[in-house]
Amino acid sequence: MSKDKNGAIYLCVLYCFLEIMVSTEIIYLVPDSFFSLLKYIVAAIMTVYLIYDIRHLKYNSAHIPVILCFFVAICTVIFARSLQIYSYLLILMLLRNYSFKEILRSMYIMLWAVFLFTVLMSLINIYPNIDHSRNGTDRNALGFGAPTLGQSVLLFLLLSHFYLSKKKMSYIAIALYFVLFSVMYAFTAGRTGFYLSILAVAVIVFYKLCNKAGFFNKFFSSNALCLVLVAAPFIFLIFSLILTYLYEIGLPFAVKLNDLLSTRLLLQMNAFNEREITLFGQDIVWMNEQGVYIGVDNSYLYHLFNYGIIVFLGALVLYSYLLYEAWRRGDICMLLILSIILLDGLVEPYMLDFKYNYFILCASSYLFAKKRLKQGYKNSLVFKIKLKRKEHTA
């Protein structure tokens with residue numbers, strides 16, 4: 001990508017930066033309305049930039065799905081009062097000529113800068129360090145809007161580092177992340193996020209240990225596994241609904257699990273009992289009269305209540321598509337990362353949150369670079385393994 005073409009990626013990085021800043025304690029020093037105004041201005045500039053960028057494109061029937069997606073996104077802006085989906089589509093279109101690694105590398109650097117700055121401002125007491133203590137447990141959010149957020153940001157930094165380095169990621173780097181996760185846990189007491197982060201570390205170590213033996217290459221080349229991967233988002237959704245139902249009927253296992261998950265199942269049950277499910281989403285204030293957060297952290301249900309049925313189904317289809325394309329290209333690291341994100345989605349609302357979860361931006365290169373994608377498949381491990389099988393049976 002030539003330097004004169006980098007305006008799009010600079011705009012997208014700036015927009016994500018503003019989104020992240022709103023979710024830190026800087027809003028107690030600078031009104032969040034200031035960042036929101038800047039965010040809308042940048043979104044407007046991105047829209048103009050996109051219109052200018054595609055002005056020479058000739059309309060054809062292939063553009064209809066994109067137009068429909070933008071129509072739904074604008075509806076969520078109106079009904080849910082959220083730029084999330086509209087901005088996501090904007091970014092996908094603006095970055096359609098970039099490789100995913102180019103996108104990820106820029107976002108990764110920005111996220112590290114924001115993470116370190118936020119934690120530093122908290123440690124030197126520039127940020128107010130809001131009291132998040134619960135049930136007698138001291139919790140410090142380290143400058144982020146919630147104690148669980150910093151842990152999640154660090155998880156996405158680990159996954160980004162892993163994808164950029166893949167098998168070359170050193171054990172020293174992995175050990176450093178393990179230490180950082182432990183330190184974050186000591187401050188935030190975020191059990192679920194910590195356990196998932198350690199699981200991610202374990203998966204990466206296992207990948208490195210088994211990579212030379214070709215275990216993952218053989219495992220992920222299965223057609224049957226491909227079907228499971230494509231169905232995985234829907235399987236996790238069904239699992240979420242079943243757990244919510246089991247808690248509602250008072251099953252002891254579900255009640256115990258609710259305690260381990262910091263009352264997440266209770267909040268999911270309350271959401272179904274107290275909230276409506278709409279077509280294009282709704283502007284929900286997930287806070288009670290005492291200012292206590294009562295939101296749904298499960299990504300599958302969060303998208304359903306906040307963004308409506310259409311975006312909810314679109315999110316599931318999007319992940320199925322990403323998993324299929326990653327499998328088709330033999331991108332084992334992406335498959336592992338997307339699987340971790342789907343699991344994380346059971347307890348955290350970041351499946352469509354592109355300001356942290358940059359892996360959903362790979363849809364840009366998947367959707368808009370078909371020739372490159374086909375060539376990528378011919379060079380993929382899955383293709384080579386299947387070719388060897390055919391040669392062996394011939």
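1. A residue is called buried here when its relative accessible area is under 20%, exposed when that area is over 50%, and partly exposed in between. On that scale, Glu-19 is buried because its relative accessible area is 9%. The model under discussion is a predicted one, and the points below should be read with this in mind.

2. Confidence over the protein chain is summarised by an average pLDDT of 88, with 90% of the residues scoring at least 70. Among the elements of the chain, α5 has the highest mean pLDDT, at 96, whereas helix α16 (residues 370-378) has the lowest, at 46. The pLDDT is below 50 over residues 371-383, although this stretch has 25 contacts in the model beyond near neighbours in sequence. Residues 387-394 also stay under 50, and for them the model has one contact beyond four places in sequence.

3. With a cut-off of 4 Å between a side-chain nitrogen of Lys or Arg and a carboxyl oxygen of Asp or Glu, the count of salt bridges comes to seven. One of them pairs Glu-19 with Lys-39, and the closest N and O atoms of this pair are 3.7 Å apart. The pair links distant parts of the chain, since Glu-19 belongs to helix α1 (residues 7-22) and Lys-39 to helix α2 (residues 32-53), 20 residues apart.

4. Leaving aside neighbours within four places in sequence, Glu-19 is in contact with Lys-39, Gln-84 and Lys-355. Of these, Gln-84 is one of the buried residues of α4, the helix taken up in point 8.

5. A further salt bridge joins Arg-96 to Asp-53, where the closest N and O atoms are 2.8 Å apart. Here too distant parts of the chain are linked: Arg-96 lies in the loop between α4 (84-94) and α5 (100-123), while Asp-53 lies in helix α2, 43 residues apart.

6. Lys-166 forms a salt bridge with Asp-331, with 3.7 Å between the closest N and O atoms. Lys-166 is in the loop between α6 (147-165) and α7 (171-188), and Asp-331 is in the loop between α13 (299-328) and α14 (332-344), so the pair ties together parts that are 165 residues apart in sequence. At a relative accessible area of 23%, Lys-166 is partly exposed; Asp-331, at 12%, is buried.

7. Salt bridges also link Arg-264, Asp-297 and Glu-348 in a network. Separately, Leu-346 is found in the loop between α14 and α15 and is buried, because its relative accessibility is 13%. Beyond neighbours within four places in sequence, Leu-346 is in contact with Phe-236, Phe-239, Ser-240, Gln-268, Asn-298 and Tyr-300. From C-alpha to C-alpha, Leu-346 and Leu-301 are 8.9 Å apart in space, although they are 45 residues apart in sequence.

8. How many of the 11 residues of α4 are buried? The number is 11 of the 11, so α4 is largely enclosed by the rest of the structure. The buried residues include Tyr-86, Tyr-88 and Met-93, along with Leu-89, Leu-90, Leu-92 and Leu-94. Gln-84 and Ser-87 are also among them. The elements against which the buried residues of α4 pack are α1, α2, α3 (64-79), α13 and α15 (362-368).

9. The surface carries a nonpolar patch formed by Tyr-28, Leu-29, Leu-120, Leu-123, Ile-124, Ile-126, Phe-178, Val-179, Val-183 and Phe-187, which together have about 910 Å² of accessible area. At least two residues of the patch come from each of α5 and α7, and α7 provides the largest share, four residues. Phe-187, one of the patch residues, lies in helix α7 and is partly exposed, because its relative accessible area is 33%.

Conventions:
Residues numbered from 1 in each chain as written. Predicted model: local features only at pLDDT ≥ 70, side-chain atom pairs only at ≥ 80, totals over all residues. Heavy atoms only, no water. Buried < 20%, exposed > 50% of the residue type's maximum accessible area, 1.4 Å probe, protein only. Patch = residues over 30% accessible without salt bridge, like charges linked within 9 Å, V, L, I, M, F, W, Y side chains within 5 Å. Areas by Shrake-Rupley, 256 points an atom, 1.4 Å probe, with all protein chains shown as cover. Contact = heavy atoms within 4.5 Å. pLDDT = per-residue confidence, 0-100.
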